[in-house]
Amino acid sequence: MKAFHQILANNLVANVTNFTVWFAITFWTFIETESVFATGMIAGVYLVLTAALGFWFGSIVDHNAKKTAMMGSSAVSAAFYLASLVILLLEPEGAFADPYGPYLWGFVLLVMLGVIAGNIRSIALTTLVTILIAESERDKANGLVGMVSGIGFLTTSVISGFLVAYTGMLGVISLALVTTVLALLHLGLVRIDEGRLAPSADEPAEPKRVDISGTMVLLWGRSSIAKPSCNSTSGKTLPWTPCADSSRQDLPPSIKIS
């Protein structure tokens, strides 16, 4: 089996696990609190955390080996699931019944952080398509990536419903912890040649930072800027062309013209 196919299968297990936990915590919270407000807040927590951490997750994938980022994602998810399992086992009687109680929301936050950490895998997987797959076959590979995400959403509502009904969150978190660790161990055995060059003394590695300003320019600035010919009608070199001065200090480092 190709390394990419093994990674796809590995990500499928991780996606099903994380989505199952997400759906399960929503179902379980409503059962415990009988509060629609509480279940709605869980969706809000997911949305806010995904939006807030998206830049950071992207920079993690960009500055590190993709396999390392994916393994780190699983390790962090496992750590949060383990912490939430401890809180679940130490629950004071009736603590989860209060929809405004700090014990409930501390537990929910730990569980959701474990789920959100899995988003790093989705970012890394799409970049591996470009790294591992020939251009002529990338359409098929991208289709397989989409299929993995679709299967995750398709199956988890059923799986989480059965788990919550028969085992409660104890069974959900325990199973999630086991499958996350197994996915982590399996991924460690997969060999991925990403073609990353080790930094040399002449060209040291770039600092690992979150380039928010550069990202904003790429998203909203460069997309609307045309690249005119160097020989403009006025006879002057225009900015943002290959003929322009590449040492301009007003350009973010990530988009300066070489």
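These legends describe close-up views of a predicted model of one chain.

**View 1. Helices of the chain.** The chain holds 7 helices and 0 strands. Read from the N terminus, its elements follow the order α-α-α-α-α-α-α. Of the contacts that join residues at least 6 apart in sequence, 78% link residues at least 24 apart.

View 2. Of the chain's 258 residues, 37% count as buried.

View 3. Thr-156 lies in helix H6, which spans residues 138–189. Its relative accessible area is 0%; Thr-156 therefore counts as buried, the cut-off being under 20%. Leaving aside residues up to four places away in sequence, Thr-156 touches Val-16, Phe-19, Thr-20 and Phe-23.

**View 4. Confidence along the chain and the stretch 225–229.** The mean pLDDT of the chain is 79, and 75% of its residues reach 70 or more. Over residues 225–229, pLDDT is below 50. Beyond near neighbours in sequence, residues 225–229 have 5 contacts in the model.

Technical notes. Residues are numbered from 1 along each chain as its sequence is written. This is a predicted model: local features need pLDDT of at least 70, side-chain atom pairs count only at pLDDT 80 or more; totals for chains, interfaces and linings use all residues. Side-chain values use heavy atoms; hydrogens and water are left out. Helices (H or I, at least four residues) and strands (E, at least two) are DSSP runs, numbered from the N terminus. Buried means under 20% relative accessible area, exposed over 50%, partly exposed in between (1.4 Å probe, protein chains only). Contact means heavy atoms within 4.5 Å. pLDDT is the predictor's confidence in each residue, from 0 to 100.
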